[in-house]
Amino acid sequence: MSKENGSGRRSGPSLELALLDLPSAHPCHGCGQCCHYIATEIDNPSSFRDYDNLHWYLLHEDVCVYVDWEGDWFLEFRTTCRHLTPSRTCGIYEERPQICSEFSWDECEKSSDEPAWKYRFESYQELLDWLRKRRPKAYEKYMRARRKLVRKRREASGAASASPPPGA
Ligand code: SF4
Ligand code: SF4
């Protein structure tokens, strides 16, 4: 498998997703699978804020976080490129971004027998389960800080609801 670039896509031989239909034998023919997401590299989490940002990302629909085989972390958004045509070709072939032209069709997610990720989190709970198992100290520390934060918020909202409304 070739090295991913900073956007979570593998670079290698040029993507042959042409403006017009490709020969039916071509692996990209009728596919366009790689045009349905974007991914960007994020920091390997270490602080409360890092883990809490992952929490935030994973609360959103069609967003996931994964760790690749080199241990780099990525944020993935499942969203279709506006220029993918109904016949699954690129509508802006000559003007497409460099990252698209560098994408490898012979090692892409469709052709590779190995997924692009070692770990993948589709939900906050999946992340917590992984953290508990793989980074137990970080998990304990993060959960302690979260519990404290939630307790403070609850106390603050309890105090606010107990006080008389302004002007009463
Ligand atoms: S996922 Fe692979 S086979 Fe499909 S269009 Fe992209 S490069 Fe081609
Ligand atoms: S610009 Fe073209 S190759 Fe790049 S993601 Fe969009 S449809 Fe796919």
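Which residue in S3 is the bridge partner of Cys64? The partner is Glu76. The model that shows this pairing is predicted.

## Overall make-up

The protein chain contains four helices and four strands. Read from the N terminus, these elements follow the order β-α-β-β-α-β-α-α.

The chain has 168 residues, and 15% of them are buried.

The four strands form an open sheet in the order S1-S3-S2-S4, and the pairing is antiparallel. Strand S1, residues 37-42, and strand S4, residues 117-121, stand at the edges. Each of these two has a single partner strand, so one side of each is left without a neighbour in the sheet. On average, neighbouring strands are turned by 25° against each other, with direction ignored.

Strand S2 covers residues 63-68 and strand S3 covers residues 73-78. These two strands pair in the antiparallel sense over five bridges.

## Two helices

Helix H1 spans residues 48-58 and lies across S2, S3 and S4. The direction of H1 is at about 130° to S2.

Helix H4 takes in residues 136-162, which gives 27 residues. From its first C-alpha to its last, H4 reaches 38 Å, close to the 39 Å expected at 1.5 Å a residue. Is H4 largely in the open or largely buried? Of its 27 residues, the number buried is one, so H4 lies largely in the open. A residue counts as buried here if 20 or more other C-beta atoms lie within 10 Å of its own.

## Surroundings of the ligands

Ligand 1 is surrounded by 14 residues, and the closest are Cys28, Cys31, Cys34, Trp105 and Cys108. How does the shell around ligand 1 divide into nonpolar, polar and charged residues? Nine are nonpolar, three are polar and two are charged.

Around ligand 2 there are 10 residues. The closest are Cys35, Cys81, Cys90, Arg96 and Cys100. By class, the shell of ligand 2 has eight nonpolar residues, one polar residue and one charged residue.

Definitions and conventions: Residues numbered from 1 in each chain as written. Chains lettered and ligands numbered in written order. Predicted model: local features only at pLDDT ≥ 70, side-chain atom pairs only at ≥ 80, totals over all residues. Buried ≥ 20, exposed ≤ 12 C-beta atoms within 10 Å, placed from the backbone. Expected span 1.5 Å × (residues − 1). Pairing = 2+ DSSP bridges. Axes fitted to C-alpha atoms, helices over the stretch in contact; angles between N-to-C directions. Contact = placed C-beta atoms within 7 Å. Near = placed C-beta within 6 Å. Nonpolar A, V, L, I, M, F, W, Y, C, P; charged D, E, K, R; others polar.
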